[in-house]
Amino acid sequence: MASLVINTVIRFNYILILFLLATVNITNVAVAANTPSLSMAPLEITNRASCAILSNYPARSIFLFVDGFSAGKAAYSAALAQRFGRDANATTTGTNTNNSIVKPGDYSAEGVKLFRLWVTHLAVDILNKILDGELPLLPIDEEDFWPEYRAANKACINKNQLLSCPEMNDFLAKVWSYAHLASSKSVDSKYLKQQREKKWQKLGVSLEDDFYPSYNRPKVGCHIVKKFSTMHSHLFTQKVDQGILENIAIDSINPEKHLNSCFAFNDDIDPRFANIQLDMAQIPNDKVWDQYGFRVWHTLKLFLSWGWRYAPQMLSEFEKFDREFRSIAFEDSVMIIPNGCRSVDIPRCDKAGLSVDAMRAAKFLGTAHAAVSEVPLKPIDMLLRAGPKPVNDDPMDLRFAENADVWYRDFKDKLFAVRGSMIEKFNSSLAKLEMITYLLDADTLSKDILKLLDSKTMSSSTSAAARVDANELYLSCIEYRLARNQLFDDINKEISSLSKTSELDALMMASKKEKLKKYVSYYQKIQDTMDIFCSEMERRKRLQNANEGLKNALNEWSYRLLYSIEIDKFDPLYCSTEGVGEKGEKITVPLKAGCPQNLDNKYLAFEDESGLKKMVMCKSALECSRIVLKSVVSIMSIRRYSEAFLPLKDVINSPSLFNTFTMPTACKLYDPFYKKRTAFKFFIADLASAVLMGATCGALNFTLLEPTVRRVESFTELQDQYVTTYEPNIRTIRPKFSVGLDLGFLTGIPCGFSFSNSVTGPTIGGGGRGSSLSSAVPVSMGGNSPIGYGPGAAVASAIYTGIDLNLCKSKRKIDVLVNSGAGITGPMSTSVVNDIGYRVCFQCSLNFYAVANAVRSGFAQTSCIAGLIHGDPTGYVIGAASAIGIGIFQGLIRLYSNLRDPDNIAHAGAVDIDLVGQTYDTYGTIPKRCVYRLKRGYACR
């Protein structure tokens, strides 16, 4: 592609749009009189179960969010740096290559616009080359092919920094250069094709398996979303009706209200915040896309980052903005979000996926997000405690946004606020550690702590300055014990792994990264010392302190763990020694109960640059130890959500913001197929129960209360040098059932026994489905002989004189899986309760009139088995058939009810926007007869 030579902004606008429309194979928004084709992916309108299923499939539509702030800032700085002339209307100006005066503000505005245009152009160009078969699909996890890629990946190790690694950089450069050979459609197409194939084979790339199949190529649709509309209905609703389809049609016929050309340069588009929608439209075979889709997006993400910095074609296009565009934090300016329930990355139950998934909460919480708190919940714990959330119910509050750019601006501001708080805490902690470790080595501090075991320091006759402060002693030992207590949080283990991680590299220079290892070693030395010290203090019974205000002097991280319910009462200034008087002067505030009484001590101090003022870092050795612990805990807590909120090199974030069940499904906390499987298990059990009831004329019944259940009991954290994953520990819980024996079939008197391995099991009768015995009474089939028993029958006699007898014995044990949060069986909950026990019951209803009648008629004549006894099976057959029929009917009712679960039985529709628009254009409305077909993606004529 030849470089564009543009001297003015106006000329650039027209030439750029015409040029891109001519060379890039995309379908832009066209405002036509009759049903324009928008080339948008189908709107997959789903419920919870279906959305969870789709999370394991590659997205067909994505939002490419572009923030031009960094580009504009770099352009503004470049204009200021030129320092050429001054314009009468501006205080500061620069010049362009033609030495004409240009305002930095105008130069910056142009840079912002061009940044969005070239990001879009590069993304579309990469997608087209992938789908054309010119660019191979990069592997995601495969290790058994592409030897050169495998070698580069092994050399780089850390997958979060592929592009900053020379080996991977060189490999991607080769792939890019081979993909940009002269087109095979030229005169020398046969020769060029052979040369390209040889180069691919040299890299180990398979010409069949590593390229997107040409026979399944979709159309790439590209639009700027100005305002979210009914063309994004799949984000707002779970059901499709006639009204929704009509609104979709109206918006699609007049798209200019909500969409714009992908490469538009108009003033009605926010120059900084842009929401680019890229669609894979009209895919010939969905299964083929599902096979290759994840690799398509993976390839796009890597080459988008690499190409922005190194692709020769892009560098020639940037021209005057070349240096500025390549210098910005590109991955911080671009975000990819799947448009719907599908995913861009394969969902995995790891810390990276879970922390990025937590970005959703930032939209509503801002700096109240857990990521900025002291010792925040781990991402996996956040998921466990979050509880069930609706899907396709506007989880990101899009519907009420004035414009798409306004929504993105608000979301990005919230992300920046969280990031700023995290970085501030990170830098503060590093500064404290650097100061203490510089002034005091770990061995010296350890020796000074152990010196406190000297009996003189414990004596009440010793001066206050030399005596161990009882409050500080207690506080320091509480916190160091807490850091190593796995019951609360495995803090010590996480701190130890800080020196092995690269997740914080983006915040640290190489020298500081080495220092982090030193800080961790320093902490570990002090932790070992404090273990010895506190154990001895405990042996001497010196750790007993009943001071009511003691907990208020804890550091926030420890207070949060020990008194999480009272965290809103925590006062970080509780032990502050400085206050402000009525006239604004600094005053010393009397210490409150529980605060360390070491104000006059100056254990670790340093002078300022003038040498006039001595700054006290720690008043005692124990205070130094507490500061070290607090600082490393802060760094550890920041790491928990670093993938989501901190800028990482060459990794574009792609969180599934609109699917709240992506991570619950990946972590096996939610099984979208469970309800359907269970419904048929219940039905099979009901059929077996019906046969048993029929064979015994209703005397025996069996009811399945709950099938075998597999629930997540807890998670095992697996941590290597770079990746933290969570392996669910699943417990299999035995099925729950009830068995009943009804003696009425022998005597005509409704008495019986029941047994259930669950204390919540049903009583006798009625097939056992929670019915009481009174529902199982003789049913007269004609004449004077009761020949069968059926659930739901009415008592024939209107007069009741008798005795009801109920005797039950049960034993119950409640097993609560506190760490589960949710069962694999269904919607998430805060805990799972498993009833273990049994229930045995005897129940009898003695109606004196009925008993007298039964005795008079003869016991053997009162049941449907009487026919067998007397050689006439007719009554038995009729009674058995009745019981079986009623049992099957009940089973069908329960199956029907279970399969109508609106949330946990998957149902989905795929609405083709173009077909909806054509139908509306034909009929002037959406006929009711067309709703069924249109919501499944079929045309209606």
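This is a predicted model: local features need pLDDT of at least 70, side-chain atom pairs count only at pLDDT 80 or more; totals for chains, interfaces and linings use all residues.
The side chains of Arg 60 and Asp 286 meet in a salt bridge, with a distance of 3.1 Å from N to O. What is the relative accessible area of Arg 60, and is Arg 60 buried or exposed? Arg 60 has a relative accessible area of 10% and is buried, because the cut-off for a buried residue is under 20%. Asp 286, by comparison, is partly exposed, with a relative accessible area of 39%.

A salt bridge is also formed by Lys 412 and Asp 67, whose closest N and O atoms are 3.1 Å apart. Lys 412 and Asp 67 are both buried.

## A network of charged residues

Salt bridges can also be linked to one another, and one such network connects Lys 378, Glu 494, Arg 640 and Glu 717.

## Disulfides

The structure holds eight disulfides, including the one formed by Cys 477 and Cys 534, whose sulfur atoms are 2.1 Å apart. Cys 477 lies in helix H19 (residues 470-483) and Cys 534 in helix H21 (residues 510-539), so the pair ties together parts of the chain that are 57 residues apart in sequence. The link of Cys 477 and Cys 534 is left-handed, with -95 degrees about the S-S bond, and both of these cysteines are buried.

Cys 575 and Cys 595 form another disulfide, with their sulfur atoms 2.1 Å apart; the link of this pair is left-handed as well, with -90 degrees about the S-S bond. Cys 575 is in the loop between helix H22 (556-562) and strand E9 (578-580), and Cys 595 is in the loop between strand E10 (586-588) and strand E11 (604-607), 20 residues away. Cys 575 is partly exposed, with a relative accessible area of 24%, whereas Cys 595 is buried, with a relative accessible area of 0%. In the disulfide of Cys 618 and Cys 624, the sulfur atoms are 2.1 Å apart, and the torsion about the S-S bond is about 100 degrees, so this disulfide is right-handed. Both Cys 618 and Cys 624 are buried.

## A nonpolar surface patch

Leu 692, Leu 700, Leu 741 and Phe 753 make a nonpolar surface patch of about 290 Å². One of these residues, Leu 692, is found in helix H26 (residues 674-695). Leu 692 is partly exposed, with a relative accessible area of 31%, and therefore passes the cut-off of over 30% that is required of residues in a patch.

Notes: Residues are numbered from 1 along each chain as its sequence is written. Side-chain values use heavy atoms; hydrogens and water are left out. Patches are made of residues with over 30% relative accessible area and no salt bridge: like charges are joined within 9 Å, nonpolar side chains (Val, Leu, Ile, Met, Phe, Trp, Tyr) within 5 Å. Accessible areas come from the Shrake-Rupley method with a 1.4 Å probe; for residues, only the protein chains shown count as cover. A salt bridge is a side-chain nitrogen of Lys or Arg within 4 Å of a carboxyl oxygen of Asp or Glu. Helices (H or I, at least four residues) and strands (E, at least two) are DSSP runs, numbered from the N terminus. Buried means under 20% relative accessible area, exposed over 50%, partly exposed in between (1.4 Å probe, protein chains only). A disulfide is a pair of cysteine sulfur atoms within 2.5 Å.
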